Every structure is written in C-alpha cells, then in structure tokens.
Amino acid sequence: MSGDDGTPGNSGYGKKAFKRSRSHFADRITADGRDGWPVEAGRYRLVVSRACPWASRALVSRRLLGLEDALSLAVADPIQDDRSWRFTLDPDGRDPVLGIRYLSEAYDRRETGYPGGVSVPAVVDVPSGALVTNDYQQLTLDLATEWTALHRPGAPDLYPQALRDEIDEVMAGVHEDVNNGVYRAGFATGQEEYEAACAGVFRRLEQLTPRLERRRYLVGDTITEADIRLFTTLVRFDAVYHGHFKCNRWKLTENPVLWGYVRDLFQTPGFGDTVDFDHIKRHYYQVHTGINPTGIVPMGPDLTGWLTPHHRQELGGRPFGDGTPPGPARTDEQVPVRGRP
C-alpha cells in the first residue's frame, strides 16, 4: 500500500484514477537462492503496516506458518507522511534492527533515486539494509512454499499442490473485483468510474456467497492462501470500505454468510490476532486527505460482534488440515487493546 498510483503525497488520493502499480522489486527469497537471496533464518526483516491489507496477508501467513523467529517484524506507523512509511512507533523514531527512520531508506539502498512508490509489505536484507522485494503477490506464496524448512511443526499447507489451479483462479477474481476493486471505487474521480468499480465489488461478493454457504473455506476443506487474501479485505469492509470508499450497497454484517465466514477466520488463531482496527481506521481516514480532508475518524462500527458465535464449524472442514493451530502471538507483537474488539 502506497501512493504508487503517481499521486503527489496524501492529498493526491482521489484526485487521479486509481491504478495499482506492479511491484518494481520482484526478487524472490527461495530455498535454492536462485535470485541471490536464499532462505536463511534471521537474515531478513519483514516491514508491514497493520493498516494495509496487502501487508496483512504476510502477517497472517507468518503467524500460521510459525516464522516469527526466522523472519523478524517491523511495524510502521499507520499515519504516513509524504515520504511514506515511517518508524515513529519505535524509540527515537528508528527501526531498532535496520536503524532507519523511513522505509524509503531501504529502497534507496537498493536503487538510488527509485522514482516509484514506497509500499508494504517489504522484505529488507538486514546485513546490507537494502530492500529485497515488495512483491506482495508472490511474497506469501513463497513463505508457504520456499520457507518450508523453517516452518513450525504442524504448520498448515497454505498452497497445496493439488489445489493450486483452483486457488489461483479464485484469487484472480477476488483480486480484480474485491481486493483491488474497493480501491478503484474509493479513489474514483468520476461517477461512472466509481459505479463500475463498486458494482464489481458487490457482484463478486454475491458470487462468493453461495460458494461459502455450502463450504467452510474457499477451496478444499482447509484454510488456504485464497482465504487469507479475501479475509484481509473483508475484515476492513465495514470499518473503512463501506463508508470511506463508498462501497455501501450493504454492510458485511448484513450478509449472514460472509459475516459468518469472516468471523470464523477472525476467531481462528493467526487471523484476528494480527488485526489492529485502530491502525486501520486512522490510516484510511487520516492519510487519504484527498477524499477525507477533515481527517475525522469515525467512532464506529461496533467491534464486539467479531467475537460472537459463527456456527461455521457445522459445515465441517479442518482449519489446519493435518496440522495444528499456531501458539499465542509473541508478547512484543500482540495487538494493543485499543485495536481489538
């Protein structure tokens, strides 16, 4: 997530038609190190914002796979300035491992004068301080398939070989119409542009509803990468996309199937314990001054419903397959009370 659509800083959001840029730095960290970046415990640092749905995918995957000790975590302030993501949540405003104030410094160490946006998630090589990748689409797939030697015992298979074609197909539709669609609606500069994007969001959600009415998860009978990618948009839906991005044909809480589905995931270890609603709301409403010039953050919605019974277990399914749930979140990575239901 960044101002990578070419707009000039925070005030530019909503002033230009939204187009998500391709990840410029697409090196992969692999078991065989074929791009020059071998999987190695402790070598890399994952930089995220808990506000960002694209970064939240990596947070969920890292927790489910038990990579916390192998891949350290830096959490950026949800409020960007015009230099993008900053480490003002840390003492002295510097990341304690990388020693930098802005994520852009790691980008500069990789490519001086890089003209594109500074986005999260990003993986930084700790020894050199240089960015390795900001390829949000490939990153979580590689965590699931290339980092297996460092997975915890009982880690689930989030991208099972036999189901990859179906997972890819489902994820492609969700990405185009839902993950990206809410942004095209929210940053639209004209009525027709907005209506087309908003219609696409709800058309896809309405197509997914009967699928999830019959089955607990999107593909197969266990949690996969497809569920992670849908979850990170749905968990933000009523809090920011319904109002701030004008995706308001109905609220998620008004769709019993999707509301039950996302609550089921939220209550599954590794999902809800990575979500910070305070960061989410403050980022969208205070950073996107081009579409919310007052910077006022709404009081709602009521978050207590996230912990209510969902009864999705009656559909069967095994959340972690033959594996086990992750243990409690590390103390230094737990979401503060203000960000929880």
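Predicted model: local features only at pLDDT ≥ 70, side-chain atom pairs only at ≥ 80, totals over all residues.
**The chain as a whole**

The protein chain holds 10 helices and 4 strands, and, read from the N terminus, these elements follow the order β-α-β-α-β-β-α-α-α-α-α-α-α-α. Because its radius of gyration of 19 Å is close to the 20 Å that the globule rule gives for 341 residues, the chain is as compact as a globular protein of that length. Along its principal axes, the C-alpha trace spans about 50 × 50 × 35 Å. Of the 341 residues, 57% are buried, and among the contacts between residues at least 6 apart in sequence, 71% join residues at least 24 apart. The accessible surface comes to about 13900 Å², and carbon and sulfur atoms account for 49% of that area. The chain carries 41 positive and 47 negative charges, whose mean positions lie 2 Å apart.

**Two residues in their surroundings**

S49 sits in the loop that runs between β1 (44-48) and α1 (53-65), whereas D278 belongs to helix α10, which covers residues 277-287. Both count as buried because their relative accessibilities, given in the table, fall under 20%.

| Residue | Relative accessibility | Polar partner | Distance |
|---|---|---|---|
| D278 | 18% | side chain of R338 | 3.0 Å |

Leaving aside residues up to four places away in sequence, S49 touches A55, S56, A76, P78, W85 and V120, while D278, counted in that way, touches R338 and G339.

Definitions and conventions. Residues numbered from 1 in each chain as written. Heavy atoms only, no water. Helix = DSSP H or I, 4+ residues; strand = E, 2+ residues; numbered from the N terminus. Buried < 20%, exposed > 50% of the residue type's maximum accessible area, 1.4 Å probe, protein only. Contact = heavy atoms within 4.5 Å. Polar contact = N/O pair within 3.5 Å; in protein donor to acceptor, adjacent residues only side chain to side chain. Rg over C-alpha atoms; globule rule 2.2 N^0.38 Å. Areas by Shrake-Rupley, 256 points an atom, 1.4 Å probe, with all protein chains shown as cover. Lys, Arg positive; Asp, Glu negative; His and termini not counted. Charge placed at Lys NZ, Arg CZ, Asp CG, Glu CD.
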